[in-house]
Amino acid sequence: MARSIERDEVQRLMGQGAQIVDVLPAREYAEDHLPGAVNLPLRKIEAEALRVLDPSRPVVVYCADPG
Amino acid sequence: MYDYRTGILDWKTAGLPVEGTSAQQPRLVDVVRRDVPTCSLGERLGDVRDRAAAAGWDACVVVSDGHVVLGLLRAAELRGDQDQLVDQAMRPGPSTYRPFVPVAELRGIMSDRHLESSPVTTSDGRLVGLVRRQDVGLP
């Protein structure tokens with residue numbers, strides 16, 4: 001279960017080398033995304049996560065907003 | 001694993017940098033004037049006008065104790081009855097815009113509606129600053 005975090009924690013984790021994952025569709029990711037974020041749309045995340053992500057580093061996922 | 005629940009909208013509202021094709025266009029965070037004077041509802045209009053003028057402004061944003069935007073005093077309002085209180089003179093509930101809105105978008109809005117200025121706020125209504133016509137390239 002993922003732990004909810006706020007922006008300042010995201011920035012701290014980024015500074016520590018966390019992997020930032022944008023789960024929005026590719027077109028939205030292309031328009032803008034957090035610096036250094038990779039795109040793993042929700043429909044692909046289960047299939048691609050193990051291939052794309054490093055299991056030894058923290059992972060932060062995000063989308064547009066909680067709404 | 002961590003979930004940044006408030007997501008990229010929260011990130012952009014804070015004025016933090018993003019990457020991507022739209023990241024190159026200027027946004028309100030790049031032009032907003034954070035030094036706009038502020039005042040509270042119970043202040044005397046004349047005192048506010050004098051303070052704004054001393055700071056080189058002909059506008060003032062009315063905010064709550066928590067810095068939430070309540071209204072706007074543009075040049076016309078500041079010229080009103082100097083003994084009025086701010087809450088009687090102000091334009092309540094102005095349209096506000098987020099820091100990540102493209103400058104071009106607000107330029108169109110301000111042009112169409114003949115606006116002198118527009119407050120920029122966070123998603124919970126707290127003042128970031130004021131954008132004037134000249135800040136978005138309008139005469």
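Val61(A) stands opposite Asp3(B), a residue of strand β1(B). The two strands brought together here are β4 of chain A (residues 59–62) and β1(B), which run parallel and share 3 bridges; strands count as paired if DSSP finds at least two bridges between them. Helices (H or I, at least four residues) and strands (E, at least two) are DSSP runs, numbered from the N terminus. The model is predicted, so to speak of local features a pLDDT of at least 70 is needed, and side-chain atom pairs count only at pLDDT 80 or more, while totals for chains, interfaces and linings use all residues. Residues are numbered from 1 along each chain as its sequence is written, with chains lettered from A and ligands numbered from 1 in the order in which they are written.

Gly20(B) is a handy residue to look at next. It sits in the loop between α1 (7–13) and α2 (28–31) of chain B. Leaving aside residues up to four places away in sequence, Gly20(B) touches Ala30(A), Glu31(A), Asp32(A) and His33(A). Gly20(B) is partly exposed, as 17 other C-beta atoms lie within 10 Å; the label buried needs 20 or more such atoms, exposed 12 or fewer, and partly exposed falls in between, with C-beta atoms placed from the backbone. Between the C-alpha atoms of Gly20(B) and Glu116(B), 96 residues apart along the chain, the separation is 32 Å.

Two histidines of chain B deserve a look for their backbone angles. Most residues other than glycine have a negative phi. His67(B), however, has a positive phi near 70°, and lies in the loop between β3 (60–63) and β4 (69–73) of chain B. With 15 other C-beta atoms within 10 Å, His67(B) is partly exposed. His114(B) also has a positive phi, near 55°, in the loop joining α6 (103–113) and β6 (117–121) of chain B. His114(B) is exposed, with 8 other C-beta atoms within 10 Å.

Note on methods
Contact = placed C-beta atoms within 7 Å.
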